[in-house]
Amino acid sequence: MSDGAAGPAEYTAAGMFDELARRSFVIVSGKGGVGRTTVAALCGLALAERGRRVLVATTGHDDRLAWMLGGEALTDQPVRIDRGLFIQRLSAPACVREYGALVLHSSRLSTAVFDNRVVSRLMRAIPGLDDFSLVGKAWHDAFRGGDYDTVIFDGPATGHLLYALGVPRAIRETIAPGPLTREAELMCQHFEDRSRTAALLVGLPERWPLTELDELGLALEEQVGIGVAAVVVNGLWPTDVPVLEQIDPDGPVGEVAEALAQVCNTGRRHDAELAAWARAQGTGRRTTLTLPWRFEGVGDRQALLELLAAAQCLTTSREGTAGYAVTGGGA
Amino acid sequence: MTMTPSTPPSGSTPSGGAVVDLAPTRRVELVVGPGGVGKTTVAAALALRAAVAGRRTVVVTIDPSRRLAQALGVDGDKPAGTIVQVEHAGAILDCLVLDTQRTFDTIVRTHSPSAQAGEAMLANPIYRAMVRYLGGALEYAAIAQVHMLAAAGQHDLIVLDTPPTANAIEFLEAPAQISEVANNPAAKFLSQSGGIGMRFLGLGSGLMLKALEAIGGGAFIGDLGRFLGDFGQVLGEFQRRAGALAGLLTSPSTGVVLTTSATDFSVREALAFLAVLAQRGLRIDAVVLNRFDSQVPRWPGDAAVEAALGAAATREGMTVDVKAIALRMAQLRGAVERQANSAQRGATELRARWPTTPVCTVARMDPPPTSVDELYALASALWPTVRR
C-alpha cells in the first residue's frame, strides 16, 4: 500500500480497514499525545466489524482503552469486549513470566523462578528484555497463539518503539546462536513480511509533526523492516462554518461568529498543512486517513463509533460534505 | 518559585490563573508530565524567562519536536549532547539535547578504575545495548546530566525537560533501578562463575541456570554478570562523588513544574502524578494547564443568528441556507462549550485539591510557538517576575 500501487478500494476509510484486516499484526505508532490508543481502539472496532477475531494489546498504564471500547478495566489477561474483540494490557513482568513458562514447559516453575525477587531484579538488568518480552508476547499472539486473526499493538511512543522493535535484530546480531536468536530470527522474518505485518502511523495536522511522521515511517522501514500501511492524521478542526464578512462584529451575533471563524481558521490551517505535506510526498504518497478533532474528547464507545464514521481518506475531498449550499461570493 | 496573589484572567489575555515567580533558591527545575502536552515548550519558556532575568540558565531537553528544536537552534549540524546558545533580548540561554550514550560514556570514562578498563567497557556489546535498550537508562542519563551540569557550576539554574515516562513512578525510580541492577546479588553470583550456591535465593542453582539459559543462552548470562559487576563499580564511583542521584530529586533547591493538558482525563492523571511526587518529597512549584480553551461565545438565540446571517448574506449578494448554517453554528458552539467546561472543571478540581500550588493556564496557541519571540511571550505570561 505504501509503494504507490494503491487500488481504488483503498481510497476510502473502509477500504483501508479492509486492507488492514488481511494482516496478522498491526503496529500503531506515533509520538506521545497524538491519539495512538484512540486509533488502536478504532482499528479494533473496524476489524471486528469485518468478522475478524481481534486483540488490541496496549502497553499503556491507564484504562482508557477499556473505557473507549465500553469495558471496565484492563488486565494482564485478555478480556472479551464483544464477539470478536478482545483487549489486554501487556506488562513486562507478566510477559517475561509467560515467556519463561513457554521455554520451561511449566508455568509453576516459571513463576517460582521469575517471581523470585533477586531473579526479577536480574531480569530487569538485561538490556532490552522488557521490550523484547512485550513485543515478543504481541508477536506470539499474532503469529503462533492461534487465538486471534489480527493483533493490534498499541505500543510505546515513537523513539521507544523503534528501540523495542529493533531488539530482535540486535539479538540476532550480538548474541551467540541459541534459543533466543532462533526466536529473534523468526520475529524479524514475520515483521519484514509486508503481507502479514503493517504499521499504522498516527500524527497531528501540523507541519513538523507530519514531517516527523515521514521520518518515523522511513525509520520503521529501514531500521526494522516494517512496512507502513497508512498514516492517520488525527484532530483536524472543522472548516464548515461559512465566513460571512458582512456580519456586524459589534452586533449580537458578532461574538459567536468571530469565535467560530477562529475555530474554522484553525481547521483551514490544518487542511493547508496537510495539503502541503501531501504535495511534498509526490508519488511516494502514503494512504492517509483523517479523523476530526473531537471537542468533547473520546471517552466512550459511542464517541469512538462516531469518530470511525467520520474517518475519511485524504483523497476524498472535505468540500461539499456539509448539508447546505453556499453560492455567489463570500470566502 | 513562590506563589503570588492570583490574578484573574483578563478578557484580552486568555492565559492566566495563578502566576508564579522564580525563587532564587531554586537551582534545578524539573518539568514533568505526560507526552504530547507541550512539556518541552514550557521547559524552554521557563528557561528563557530565567535567562532574560539574568540567571545563567541551561535547558536540557529530550527529543524536542522539530518545531522547538528549530526555535532553539538545536536542529542544525551540532551533535546532541553539546550546548547550543540561544540569544534573546541580550540574554543567552544554553540548550542541550540529551544524548544518553554520550552521558553514560562520560561517566564510564571518568569513573573507570583505569583508562584501559574504561575503553574496554565502552567497547562491550552489552554496554552498547544497555545504553540503548535498558528500561530506565534514559531517565538515569537525564538526572546524571543534571548532576554533571550542577557539578560544573557554570549555571545558576538547570531546567530539565523530563523524559515522557508513562507514569511518575517510572521517572522517580529510574536512578534507583539502574543502580540496583548494577549491584544485583544474582549478577555477582554469575560473574563469579557459579562459585557461590544459590540457596540464599531460595532456588536450586540448577533451576535458576536452566531458566536463564533458556532465556538468554549460558554464555550471554555469564558475560552479563561480569559486565554488571564492572558497571556497578563505575556507577558506584560516580555516585560516591556526585552524591546519590535520588537525593537530587528531593533536594530543597529542586522544584517541579507539572505540565498537562486541560481535559478531564489529563487532570485525573495529573492528580495521581502530583500525589506521587508529593509523597516522595518533591517540591511542586506550579501546575501548568496547557491548551486551555476557556472562552465560550454567547449564543444570542436561533432567531437572532438566522436574522443576522440573512442580512449579511443579502449585503454580500449571496444565497445561503440560513437555518442550516445557524444549526451548524449552534452545534459547533455547543462543542466548544463542552470543551471549555471540561477544561474549567479540571482547573477547578486541581485548585481545590492543591490549594497552595499555583495552577497556571495557557491558552491554546494556533499555530503553536515556532520562534524564540513567541516562546518568550508565553514565558512572560507564565512567569511575570523572576527574583534574583
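**View 1. Cysteines in the predicted model: B:Cys360 is buried.** The relative accessibility of B:Cys360 is 1%. A:Cys95 is also buried, at 5%. Buried means under 20% relative accessible area (exposed is over 50%, partly exposed in between; 1.4 Å probe, protein chains only). Over all chains, zero disulfides are found; a disulfide is a pair of cysteine sulfur atoms within 2.5 Å.

**View 2. Helices H7 and H8 of chain A pack at about 90°.** H7(A) spans residues 129-143 and H8(A) residues 158-174. Their axes lie 9 Å apart. Axes are lines fitted to C-alpha atoms, for helices over the stretch in contact; angles run from 0 to 180 degrees between N-to-C directions. H7(A) and H8(A) are therefore roughly perpendicular (65 to 115 degrees). A:Asp131, A:Phe132 and A:Val135 of H7(A) meet residues of H8(A), among them A:His160, A:Leu165 and A:Ile171.

**View 3. Nine strands of chain A form an open sheet with mixed pairing.** The order is S3-S4-S2-S5-S1-S6-S7-S8-S9. Strands are DSSP runs (E, at least two residues), as are helices (H or I, at least four), numbered from the N terminus. S3 (79-82) and S9 (312-313) of chain A are the edge strands, each pairing on one side only. Pairing requires at least two DSSP bridges between two strands.

**View 4. S1(A) and S6(A) pair in the parallel sense.** Residues 25-29 and 197-203 make up these strands, joined over five bridges. A:Val26 stands opposite A:Ala198.

**Notes.** Residues are numbered from 1 along each chain as its sequence is written, and chains are lettered from A and ligands numbered from 1 in the order written. In this predicted model local features need pLDDT of at least 70, side-chain atom pairs count only at pLDDT 80 or more, and totals for chains, interfaces and linings use all residues; side-chain values use heavy atoms, leaving out hydrogens and water.

Notes:
Parallel < 35°, antiparallel > 145°, perpendicular 65-115°, else oblique. Contact = heavy atoms within 4.5 Å.
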